[in-house]
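Dear colleague,

Please find below the sequence and the structure that I am handing over to you. My notes on them follow directly after.

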Amino acid sequence: EPPEPPGLAQLSPGSPPQAPDLLYADGLRAYSAGAWAPAVALLREALRSRAALGRARQECGASCAAEPGAALPSQLLGAPHPVSGPGVWEPLLLRATLRRAECLTQCAARRLGPGGAARLRVGSALRDAFRRREPYNYLQRAYYQLKKLDLAASAAHTFFVANPTHLQMREDMAKYRRMSAIRPQSFRDLVTPLYWAAYDTGLELLEQREAALALPQLEEALQGSLAHMESCRAACEGPEEHQGAEEEGEGSQGGLYEAIAGHWIRVLQCRQHCVADTATRPGRSFPVQDFLLSQLRRLHEAYAQVGNMSQAMENVLSVLLFYPEDEAAKKALNQYQTQLGEPRPDLGPREDIQRFILRSLGEKRQLYYAMEHLGTRFKDPDSWTPEALIPKALRERLREDQEKKPWDHQPPQQKPLAHWKDALLMEGVTLTQDAQQLNGSERAVLDGLLTSTECGVLLQLAKDAAEAGARSGYRGRRSPHSPHERFEGLTVLKAAQLARAGTVGKPGAKLLLEVSERVRTLTQAYFSPERPLHLSFTHLVCRSAIEGEQEQRMDLSHPVHADNCVLDPDTGECWREPPAYTYRDYSGLLYLNDDFKGGDLFFTQPNALTVTAQVRPRCGRLVAFSSGGENPHGVWAVTRGRRCALALWHTWAPEHSEQEWTEAKELLQEEEEEEEEEDILSRDPSPEPPSHKLQRVQEKAGKPRRVRVREEL
Ligand SMILES: O=C(O)CCC(=O)C(=O)O
Ligand SMILES: [Fe+2]
């Protein structure tokens, strides 16, 4: 194992947890250095620290709620001014808030060590990363490197259940599943509490008419769902949770009262949304409260099956507490009542569910009050909220809002078609897929740009150039994107030079120039008829699978990226600044062959996860698209054979047009002229090569490709 980077956090078991952001950053540092064991230790400790904070919040929230005067100042918003007037009410709210803050702070310090919760607080970016279970992605790779395959599989599974559209992980999962050394039970979710498993077992038992055995499982699952929501709610009161809320203009202007009220409103909003916190289960994830409701339904059926009619009643009444008009529940209730015989007014909904609903209604009432009187916002996550609870003045407004669609804007204007149609016709090219078919705004697949002979010539050119490179010790260059592939790139100028030196055929080098111009014409006609495009870089690229290293592959041939900006998949933003090639406006990929395995091009949403379109390369197929953040793309692993493509980038900026293209053209022309001269005059047998150009080319060719660290991770 390579040496670990200096200055990593020291871990001492048993001591209070360190700050998760520090641990995580160090874990990633160790990971990038390939120090797998420290990476695992640090990442796990980051997770443990985060969990400790969550637990402490929950326990402290509960214990402080039980302490007189330190309960969440509930009901204070609901009816303050009319009853006691602000003069009386303000000091009450203030005192309750301070008491509670004090109680929580002391409690957290007792549980987490000096500094308490504030010391373990993290920024919103990291919170999101944890929510997306990102640490498990790194963990699985580190475990894999350490050959701890079962642990790798469980970490991978844990990440995957929460990110089912993550391409890389989907591939990885398929590979883990094929590995016979991994036990099937290793594919388990390390985050989601076991209540999923309890629920699944309960369902299975119910199907086998084993209701008595199913009941404890279903009860456990129900408690699990409630606990899930509790822990989500507890996290709402952290010092970090409402960053940015002030920017939204809620609660920052005005006095102390507004500030405190604003704080509680945000806590309540956050708590309300915990019903929609996702319960994640292999292959599925949905709001935890929906899960709770299906548990209640299974429970009343199971109790009825074992003849425990009073508990069956309690559970079906609990469903009706949410949805009093639920037909199936009403029917079941009637049936249970008949079976019971005598009326049982003592029976009501389950106590835990009653508490849950009452508390939620109380919060909603306060939030609607604040909405009406303080102008705050509240989007109720529940469909079961009784209308009577919503102030009359608000009902109308809410209904209007609901009818207004946020995506009311016009679809993007279609480009004038006449120009490019002519251009296509001239070249004998067909439009195979337009932007709409590719689920994007500026994307197209065009076919027929090259004949198979032309593809053959260009493939031969790439091959000859690679072999020439091999002879000069250039061979064995691994791809900058994947250790499992070789990567050869040929620029137009290098091709011209090699042609001149007689290393590659001249027709190939000439065709390269001609074809790139063909692509430019079409791209301009299709995407930019009003404004000329210039080629800014042309690169003939082949990616070859390395024999025998493909089974264990965990990566893409080319990670997801955008061509003219630095993509931040966390936010979907794309920064048009260096090190990106910011002047690139349109990209083109002209494919030369299809006799390889894998290697499809794909587009994703800005999250770099969700695939929106996929294209299989073939001879003469051009994929053209705008180079910005609207077109993140990547290439699947090439697992067998060699995939060659001409990659071209176009720019509107004339100052960034490709000098080498002109130089190459001159070079090839010069040679032609010289040949003619030679033929005619046979006087000058050794014309001096343009050595300054050669030198420059060599420098450029040897320059390593920019490595995008973010993508590599
Ligand atoms: O070869 C491909 O299909 C895509 C390559 C690519 O996206 C790039 O070089 O920027
Ligand atoms: Fe690209």
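The notes below begin with confidence and then turn to the fold, the cores, the strand pairs and the ligand.

This is a predicted model, in which local features need pLDDT of at least 70, side-chain atom pairs count only at pLDDT 80 or more, and totals for chains, interfaces and linings use all residues. Residues are numbered from 1 along each chain as its sequence is written, while chains are lettered from A and ligands numbered from 1 in the order in which they are written.

**Confidence**

The pLDDT is the predictor's confidence in each residue, from 0 to 100. Its mean over the protein is 81, and 82% of the residues reach 70 or more. Confidence is highest in strand E10 (residues 586–591), at a mean of 98, and lowest in helix H23 (residues 709–712), at 28. Residues 242–252 have a pLDDT below 50, and this stretch makes 14 contacts in the model beyond near neighbours in sequence. Two residues are in contact if their C-beta atoms, placed from the backbone, lie within 7 Å. Over residues 404–418 the pLDDT also stays under 50, and here the model has two contacts beyond four places in sequence. Where pLDDT is low, the predicted coordinates should not be read in detail. For the complex, the predictor gives an ipTM of 0.99 and a pTM of 0.54.

**Overall fold**

The protein contains 23 helices and 16 strands. Helices (H or I, at least four residues) and strands (E, at least two) are DSSP runs, numbered from the N terminus. Of the 713 residues, 38% count as buried. A residue is buried if 20 or more other C-beta atoms lie within 10 Å of its own, exposed if 12 or fewer, and partly exposed in between, with C-beta atoms placed from the backbone. Among contacts with a separation of 6 or more, 73% join residues 24 or more positions apart.

**Nonpolar cores**

A nonpolar core is a set of buried Ala, Val, Leu, Ile, Met, Phe, Trp, Tyr and Cys residues joined through C-beta atoms within 7 Å. The largest has 63 residues, of which Ala495 and Leu590 touch the most other members. Helix H20 (residues 506–527) contributes the most to this core, with nine residues. Apart from this core lies another, of 32 residues, including Ala221, Val275, Leu292 and Ala329. In soluble globular proteins, nonpolar side chains tend to be buried together. Leaving aside residues up to four places away in sequence, Ala495 touches Leu461, Ala465, Leu490, Val504, Gly508, Ala509, Leu512 and Ala664.

**Strand pairs and their loops**

Two strands pair if DSSP finds at least two bridges between them. Strand E4 (443–447) is mostly covered, with four of its five residues buried. E3 and E4 pair in the antiparallel sense over three bridges, and Gln433 has Val445 in E4 as its bridge partner. E4 also pairs with strand E14 (residues 622–626), in the antiparallel sense over four bridges; there, Ala444 stands opposite Ala624. The loop between E3 and E4 holds Asn439, which has a positive phi of about 60° although it is not a glycine. Asn439 counts as partly exposed because it has 13 C-beta neighbours inside 10 Å.

Strand E12 (residues 601–604) and strand E13 (residues 611–615) pair in the antiparallel sense over four bridges, with Val611 as the bridge partner of Thr604. The two strands form a hairpin with six residues between them, and Ala608 in the turn has a positive phi of about 65°. Ala608 is buried, because 23 other C-beta atoms lie within 10 Å.

**Cys542**

Cys542 lies in strand E6 (residues 534–545) and counts as buried, with 23 C-beta neighbours inside 10 Å. Not counting residues up to four places away in sequence, Cys542 touches Ala462, Glu488, Arg642, Arg643 and Cys644. The C-alpha atoms of Cys542 and Lys463 are separated by 9.0 Å, although these residues are 79 apart along the chain.

**Ligand 1**

Around ligand 1 are His558, Asp563, Leu589, Leu601, His633, Val635, Ala645 and Ala647. Strand E15 (633–635) and strand E16 (638–651) are the elements that give two or more residues to this shell. A residue is near a molecule if its C-beta atom, placed from the backbone, lies within 6 Å of it. By class, the shell has five nonpolar, two polar and one charged residues. Here Ala, Val, Leu, Ile, Met, Phe, Trp, Tyr, Cys and Pro count as nonpolar, Asp, Glu, Lys and Arg as charged, and the others, Gly among them, as polar.

With kind regards
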